[in-house]
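The structure is shown first.

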Amino acid sequence: MTTEPATATVRTPRSRSRRTDQTPPAPALPADLDALLRRMRFPYLRAAAPDVLATARAQRWDPAEVLRVLLTEEVLGRDTAGRRTRRKAANFPTGKTFTTWRPEDSGIPAATQQGLTTLEWVGRAENLAIAGPSGTGKSHFVEALAHQAIDQDLRVAWFTLETLTSTVGRAKADGSVARTVARICRADLIVVDDIGMLPAGADAAEAFYRVVDAAYERRSIAVTSNIHPSGFDTIMPKTIATATVDRLLHHAHVITTKGDSHRLQQALAGHGVQALTS
């Protein structure tokens with residue numbers, strides 16, 4: 001009679017580092033099996049197989065359990081690699097996540113923070129607009145949401161208004177604007193950060209409108225700005241600003257932050273730098 005083990009006893013690639021020097025290495029895979037796994041492009045299964053098979057022999061696993069554990073290793077490995085690729089493609093500015101987020105210091109109501117972190121609004125193709133003074137945590141919160149979206153296997157595209165304008169502008173030069181906007185809108189969440197920090201001309205307004213219009217009711221857009229979206233017509237041409245904001249806010253969660261800059265508060269408290277040593 002065979003016994004079914006708990007999979008937690010398996011030494012996977014993530015747990016091999018805990019081996020002691022006295023632990024004998026698991027036998028290598030036969031060359032023909034290794035070649036088959038390479039040909040099938042199962043790198044994570046192949047890496048885990050020696051340890052899994054050695055444990056399976058020692059504990060007399062059912063063959064179905066061996067197959068289940070090996071395939072789980074491949075799926076987990078591919079998921080991790082996919083998230084790493086999507087994180088790199090998103091082109092995040094700083095890497096800020098909820099690990100360093102202090103919800104009690106934010107002007108965003110706690111219930112709103114909790115609701116947004118579920119990302120249900122992304123599934124409904126709703127938008128998010130956060131406006132408020134510089135340094136009140138707008139970009140940090142949105143970037144943390146974007147990292148969480150990638151952890152849930154969603155795709156994210158991150159821009160400032162300037163980088164978005166540059167991306168669409170290069171596409172205009174070779175006549176590929178429609179393809180470029182379509183590629184941007186493959187992301188589940190499109191972020192345009194720090195709108196209003198610099199004046200926006202006609203090119204910026206056009207680029208922003210093209211993406212908002214293409215994503216309308218299909219993809220989620222999150223924007224941060226030091227001015228409310230209703231005031232975008234003060235930094236870009238009024239006609240196109242009105243059309244853009246109309247689409248942006250139709251299905252949007254609009255949040256206004258208040259208070260002093262967190263960065264300035266830290267600087268005044270002497271926490272912006274490490275103390276100098278003589």
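## Backbone and helix packing

The model is a predicted one. Asp-153 lies in the loop between α6 and β2. Its phi is near 65°, which is positive in a residue other than glycine. Asp-194 also has a positive phi, about 60°, although Asp-194 is not a glycine. Asp-194 sits in strand β3, residues 189-195. With a relative accessibility of 30%, Asp-194 counts as partly exposed. As background, most residues other than glycine have a negative phi.

The chain as a whole has 11 helices and 5 strands. Of its 278 residues, 40% are buried. Among contacts with a separation of 6 or more, 81% are between residues 24 or more positions apart.

Helix α10 covers residues 238-250. Its 13 residues should span 18 Å at 1.5 Å a residue, and the end C-alpha atoms are 18 Å apart, which agrees. Which residues of α10 are buried? They are Ala-241, Thr-244, Val-245 and Leu-248. These residues cover an arc of only 100° around the axis, so they lie on the same side of α10. An α-helix has 3.6 residues a turn, so residues three or four places apart point the same way. On the other side of α10, Thr-239 and Asp-246 are exposed. The partners of the buried residues of α10 are β1 (127-131), α9 (202-215), β4 (220-225) and β5 (252-256).

Helix α3, residues 63-90, has 28 residues. From its first C-alpha to its last, α3 reaches 41 Å, close to the 40 Å expected at 1.5 Å a residue. The buried residues of α3 include the glutamates Glu-65, Glu-73 and Glu-74. Also buried in α3 are Val-66, Val-69, Leu-70, Gly-77, Ala-81 and Ala-90. The buried residues of α3 pack against α2 (43-59), α6 and β2 (156-160).

| Helix pair | Axes come within | Axes cross at roughly |
|---|---|---|
| α4 (110-117) and α6 (138-151) | 10 Å | 30° |
| α7 (161-173) and α8 (177-184) | 8 Å | 145° |

Gln-113, Leu-116 and Thr-117 of α4 make the contact with Phe-141, Leu-145 and Gln-148 of α6. By class, this contact of α4 with α6 has 3 nonpolar, 3 polar and no charged residues.

For the second pair, the axes of α7 and α8 come within 8 Å. On the α7 side, the contact is made by Leu-164, Thr-167, Val-168, Ala-171 and Lys-172. Val-177, Thr-180 and Ile-184 make it on the α8 side. How do the residues of the contact of α7 with α8 divide, and how many are nonpolar, polar and charged? There are 5 nonpolar, 2 polar and 1 charged.

Note on methods. Residues numbered from 1 in each chain as written. Predicted model: local features only at pLDDT ≥ 70, side-chain atom pairs only at ≥ 80, totals over all residues. Heavy atoms only, no water. Helix = DSSP H or I, 4+ residues; strand = E, 2+ residues; numbered from the N terminus. Expected span 1.5 Å × (residues − 1). Buried < 20%, exposed > 50% of the residue type's maximum accessible area, 1.4 Å probe, protein only. Arc of directions from axis to C-beta. Contact = heavy atoms within 4.5 Å. Axes fitted to C-alpha atoms, helices over the stretch in contact; angles between N-to-C directions. Nonpolar A, V, L, I, M, F, W, Y, C, P; charged D, E, K, R; others polar.
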